[in-house]
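Opening the notebook on this one.

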Amino acid sequence: MLFELILPQLTWICEAGTSEPLVLMVLGGRAPAAEWLRAFLQFNPQAELWAADRGVEACMATGATPRHVVGDFDSAAPEALAWARASGATFHTLEVAKDETDFQAALALVCELRPAARVFATGAFGSDTDTRFDHVMSNVFSLAGYARHEAKLRPVGLGDERERLFFVAGESRAMLRFGKTPHAISLLALTEHCAGVSIEGVAWPLDGVRLELHVPYAISNEVRGECVRVSIKKGILGVYVRQ
């Protein structure tokens, strides 16, 4: 069985054991363009929309009501919160003083309410005016950590109209089908090492190589054609696409 996620100008296809629900989580970083978010929901009508704190603002700008809103609400605009409440969203209020981030708490709640769900996050990267590397790194590894075999949800990746980062884990393979050739595609080891990594459909293919977390050399590759295939034997691999 295959899982297919359709994004504007890009389709992500990977192996799936069962027909898992899809959760789209909107975070409070760089907001996705309203047109991109609308297209995502149109292309993937089965997706259940969630918002983490300030991510509710992007939902309001799009006019799409989140099913669940999670956060301590220290940064979300009051009018966006009021809109979501009036639209029927279920709120899960967290303490401001806590160890976990709003996104981490939201992922734990997905595990509870939608076990085995596939999760894609947007609003996860730094904004043009407030680029916070620590936030981006936390978002990436908080979601990628669920790629472990025993985890209760299935992380797909993070992205918006500019950048996308997909996850391939364990012994598996995936394919990207492009409607528009991206500027670059990169492979990043998100565990200490990734074994048996292959990529084809690019200018510089790889065949069964070992990628190390501390030596990220497989970056800025060029897509040749409409499809790119990636496979891995062990580890958690990030497939980054710059549109």
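First, the cut-off I need: a residue is buried under 20% relative accessible area, exposed over 50%, and partly exposed in between. I also note that this is a predicted model.

**Entry 1, salt bridges.** I searched the whole structure and got nine salt bridges. I looked up Glu48 with Arg67, whose side chains meet at 3.1 Å, N to O. Glu48 is in strand β4 (residues 48–52) and Arg67 is in the loop between α2 (55–62) and β5 (68–71), so this pair ties together parts 19 residues apart in sequence. Is Glu48 buried or exposed? Glu48 counts as buried because its relative accessibility is 10%, and the cut-off is under 20%. Arg67, at 45%, counts as partly exposed.

Next I took Glu171 and Lys233, a salt bridge at 3.6 Å, N to O. Glu171 sits in the loop between β9 (163–169) and β10 (172–178), Lys233 in the loop between β14 and β15 (236–242), so the pair links parts that are 62 residues apart in sequence. Glu171 is exposed at 62% relative accessibility, and Lys233 is exposed at 52%.

I also checked Glu222 and Arg224, which form a salt bridge at 3.1 Å, N to O. Here Glu222 is partly exposed at 35%, while Arg224 is exposed at 52%.

The largest nonpolar core has 54 residues, and Leu5, Trp12, Phe166, Leu176, Leu187 and Val239 have the most contacts inside it. Helix α1 (residues 34–43) gives the most to this core, with four residues. A second, separate core has 31 residues, including Cys111, Val119, Ala124 and Ala147.

I then picked Leu176 and listed its contacts, leaving aside neighbours within four places in sequence: among them are Leu10, Trp12, Phe166, Ile185, Val230 and Val239. That sent me to Val230, in strand β14. Val230 counts as buried, at 2% relative accessibility. Its own list, not counting residues up to four places away, includes Arg173, Leu176, Leu187, Ile199 and Leu237. C-alpha to C-alpha, Val230 and Met175 are 6.2 Å apart, though 55 residues apart in sequence.

Which residues form a nonpolar patch on the surface? I found Phe133, Met137, Phe141 and Leu213, together about 410 Å² of accessible area. Leu213 lies in the loop between β13 (206–212) and β14 (227–232). Leu213 counts as partly exposed, at 42% relative accessibility.

Conventions:
Residues are numbered from 1 along each chain as its sequence is written. This is a predicted model: local features need pLDDT of at least 70, side-chain atom pairs count only at pLDDT 80 or more; totals for chains, interfaces and linings use all residues. Side-chain values use heavy atoms; hydrogens and water are left out. Patches are made of residues with over 30% relative accessible area and no salt bridge: like charges are joined within 9 Å, nonpolar side chains (Val, Leu, Ile, Met, Phe, Trp, Tyr) within 5 Å. Accessible areas come from the Shrake-Rupley method with a 1.4 Å probe; for residues, only the protein chains shown count as cover. A salt bridge is a side-chain nitrogen of Lys or Arg within 4 Å of a carboxyl oxygen of Asp or Glu. Helices (H or I, at least four residues) and strands (E, at least two) are DSSP runs, numbered from the N terminus. Buried means under 20% relative accessible area, exposed over 50%, partly exposed in between (1.4 Å probe, protein chains only). A nonpolar core is a set of buried Ala, Val, Leu, Ile, Met, Phe, Trp, Tyr and Cys residues joined through side-chain atoms within 4.5 Å. Contact means heavy atoms within 4.5 Å.
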